[in-house]
Every structure is written in structure tokens, then in C-alpha cells.
Amino acid sequence: ALTVVVGDLIRVKVSGLILNNSGANRNYTYKVIIGAKECLLAQGTVVSASATDKAIVNVEGVVAVSATNLTNMTLQTLNTAQLADGTAGVHGNYSQGVWTTSASDFTGSQTVTFAILSSDATTTQTFTLLGYSIDQIT
């Protein structure tokens, strides 16, 4: 948990690979949560099924606690379609963002969470975490 004060900026960065070996196309939703407030971004592109090819996923969430009654959150993704090992792909076609705001008080001890949700709960989808960071800037 983080101890949050007015003026804090919390940045969550996640990088990884999605293997969708489910046999069907899937959409993914990315979520950053602070306390009970969620910021959700549904991926606008489909990750096609493949036994070997993976989609690159880079997500950044920002939480700005401006006052005890004003917190803004943003979430951005920079993804590729699935790619074969060693093959270059276009990132820019899959860039998206969303924002949300809350009048709730997020100062004090807060848990920050990141999650990925699939459009279907099959066990043949894998997210490989390459790295993450949670930075608190006061």
C-alpha cells in the first residue's frame, strides 16, 4: 500500500506479451485500480488466435490526487497485433487512452492494482509479464 497525500502523482507502467492460444479472437480490457476506483480501457483491436505468435502490450496508468475531493486517472495502451518471434510490427495503430475522475478522498493508505481481463475465460490465454513499475511522485 502507498501513503498518498494531496499533490501526489502515481504512475503504473506494465509491459508484457499476450499469447492467445484459445482458438478464437479475443479482446482485452486493462484496468488500474486505486482504492475502490477503477480506470478501465477496453482494447479496440482483436488479438487473433495463435499457438506461437504474441501481442506486445505496454500500459501506463496515471493517478493525480489534486485535492481530497478531486482525483483524475488516465490509462493508455500501446500494443501490437500478435507477431512471430523476431518480426517487427506497428505499435501506433493500436494506441488508445481513457480518463476518469472522482470526488472521493484518496489520501491515506491506498492499494494500487493492475489487471487484464479477457473477453472469454479460457485457460489457453497467457500474459507474460516483462516488467512493471509503480512510481509515487510527491
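Which side chain meets D120 in a salt bridge? I opened the predicted model to look this up, and the partner is R26, at 3.5 Å from N to O. The two sit in distant parts of the chain, 94 residues apart: D120 is in the loop between β9 and β10, and R26 is in the loop between β2 and β3. D120 has a relative accessible area of 30%, so I put it down as partly exposed, while R26 comes out buried at 12%.

**Other salt bridges**

I get a count of four salt bridges. One of them joins R11 and D135, 3.7 Å from N to O. R11 belongs to strand β2 and D135 to strand β10 (residues 125–137), so this pair ties together parts 124 residues apart in sequence. R11 is partly exposed at 25%, and D135 is partly exposed at 28%.

Another one is K31 with E38, at 3.4 Å from N to O. K31 counts as buried, with 13% relative accessibility, whereas E38 is partly exposed at 35%.

**Around β5**

R11 turned up again when I went through the strand pairing: it stands opposite V62 in β5. β2 and β5 run antiparallel and are joined by 10 bridges. On to β6: 12 bridges join it to β5, again antiparallel. I noted V59, whose bridge partner in β6 is T77. β5 and β6 make a hairpin, with two residues between them.

**The three-strand sheet**

I then traced an open sheet of three strands, ordered β4-β3-β9, with antiparallel pairing. Neighbouring strands here are turned by 20 degrees against each other on average, ignoring direction. Between β3 and β4 I find six bridges, and Y30 stands opposite L41 in β4.

**The core**

Last, I looked at the largest nonpolar core, which has 21 residues. Those with the most contacts inside it include Y30, I34 and V63. Elements giving two or more residues to this core are β2 (9–20), β3 (28–34), β4 (37–42), β5 (54–67) and β6 (70–83). Which strand gives the largest share? β5 does, with five residues.

I also listed what I34 touches, leaving out residues up to four places away in sequence: I10, V63, M73, F106, Q110, T111 and V112. I10 and M73 are also among the residues with the most contacts inside the core.

Terms used. Residues are numbered from 1 along each chain as its sequence is written. This is a predicted model: local features need pLDDT of at least 70, side-chain atom pairs count only at pLDDT 80 or more; totals for chains, interfaces and linings use all residues. Side-chain values use heavy atoms; hydrogens and water are left out. A nonpolar core is a set of buried Ala, Val, Leu, Ile, Met, Phe, Trp, Tyr and Cys residues joined through side-chain atoms within 4.5 Å. Buried means under 20% relative accessible area, exposed over 50%, partly exposed in between (1.4 Å probe, protein chains only). Helices (H or I, at least four residues) and strands (E, at least two) are DSSP runs, numbered from the N terminus. Contact means heavy atoms within 4.5 Å. Two strands pair if DSSP finds at least two bridges between them. Axes are lines fitted to C-alpha atoms, for helices over the stretch in contact, and angles run from 0 to 180 degrees between N-to-C directions.
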